[in-house]
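Please examine the sequence and the 3D structure shown below. The paragraphs that follow lead from the ligand to the domains around it.

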Amino acid sequence: MTMFATALGGALGLALTANAAFAQCDAGEMTIRFAHVTAERGHPKGEAALLLQQRVNDELDGRACMEVYPSSSLFNDDDVLPAMLRGEVEMAAPSLSKFGAYTESLQLFDLPFLFEDILAVEEFQNSEAGQALKESMLDEGFLGLAFWHNGMKQFSANRPLIEPTDANGLRFRIQPSAVINAQMEAIGGTGIAMPFSAVYDALNSGEVDGQENTWSNIYTQSFHTVQDGVTESNHGIIDYLVVTSEDWWAGLEPDLRDELAQILLEVTHERNRFAFELGELNKIRVRQDGVRIRTLDEETRALWIAALSPVWTQFEDAIGRDLIAAAEAAEGGF
Ligand code: LMR
């Protein structure tokens with residue numbers, strides 16, 4: 001982190017995790033491997049995983065030990081869930097867009113312009129309908145333990161994107177989600193699914209023209225440096241489900257499981273509070289790199305909402321109208 005960014009982080013009240021280098025577990029300790037794909041520093045998920053590791057290793061020392069593998073160093077998001085069922089990793093926090101092979105309910109979070117802001121996401125996730133989603137994949141062997149925040153998605157491309165018609169003919173990298181694919185088609189683009197770790201090279205080489213992601217993902221992966229600019233569309237979200245194998249979780253000694261659950265709950269509260277500020281900080285860093293940030297006036301935003309509304313019609317039966325209504329009821333607002 002540069003000195004400026006550190007000072008800015010301080011001004012925004014961001015307390016990032018200190019001294020959380022890679023932890024190597026002792027022989028005999030139960031090892032909890034936590035795999036994720038983003039940067040470990042200056043990123044909401046990376047910082048949350050580091051704090052979780054630090055607390056587990058301090059408070060459960062001798063009984064359990066966590067090793068965090070960031071930046072796809074153990075598995076990418078396509079591989080991590082099958083690997084979890086094989087017992088090769090105990091925890092992960094894939095984006096909610098990456099569970100499509102296991103449940104249609106979580107596709108809710110990919111509907112464009114569903115949530116006003118990350119507070120609305122939080123409010124919905126804390127509701128009964130939101131909490132029930134953590135158990136939506138028990139039949140597949142997965143248990144959701146917590147929701148972690150990242151932020152709102154922005155579009156970027158190798159040419160200015162202002163109105164939806166500007167996206168016509170562009171190839172966009174997408175997460176593997178049928179809803180996001182339909183979203184790109186609705187604006188005349190093509191969605192090309194690929195792992196997060198491949199996106200920078202694909203943008204840089206011209207294999208794809210654009211992408212959608214949060215300020216924290218854009219900045220920490222330098223996507224903005226190989227794009228014409230970023231359009232502050234806030235058209236969707238990237239949020240995470242901290243997930244584990246139900247069998248592994250059920251097999252833990254009950255006291256240890258309770259303590260681990262409590263630590264995770266506290267880390268979730270603490271880190272989720274900072275996700276928005278960290279996103280704002282990363283937006284400032286993108287701007288400081290001299291990259292053009294285009295905002296949408298109300299009229300233009302309405303054009304995007306209208307262009308993407310057919311996506312809702314396409315998926316409302318699969319996702320469930322009641323679930324969509326419960327999410328729409330969350331108001332958010334800072
Ligand atoms: C992406 O693939 O763009 C994101 O899901 C990465 C992440 O974990 O935030």
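How far does a polar side-chain atom of Lys45 lie from an oxygen atom of the ligand? The distance is 2.7 Å, which falls under the term polar contact, a pair of N or O atoms within 3.5 Å. The model is predicted, so local features need pLDDT of at least 70 and side-chain atom pairs count only at pLDDT 80 or more, while totals for chains, interfaces and linings use all residues. Residues are numbered from 1 along each chain as its sequence is written, and side-chain values use heavy atoms, with hydrogens and water left out.

For Lys98, the distance to an oxygen atom of the ligand is 2.6 Å; for Asn213, it is 2.9 Å. Taken alone, the ligand exposes 270 Å², and the protein buries 100% of that (accessible areas come from the Shrake-Rupley method with a 1.4 Å probe).

The shell around the ligand, counting residues with a heavy atom within 4 Å, comprises 4 nonpolar, 6 polar and 3 charged residues. In this grouping, Asp, Glu, Lys and Arg count as charged, and Gly is among the polar residues.

The domain assignment, automatic or from a database, gives domain 1 (2–152 + 238–284) and domain 2 (154–235 + 288–328). Their C-alpha centres lie 23 Å apart. The contact between them, meaning heavy atoms within 4.5 Å, takes 38 residues from domain 1 and 40 residues from domain 2. Because both domains give residues to the shell around the ligand, the ligand lies between them.

Methods: Polar contact = N/O pair within 3.5 Å; in protein donor to acceptor, adjacent residues only side chain to side chain.
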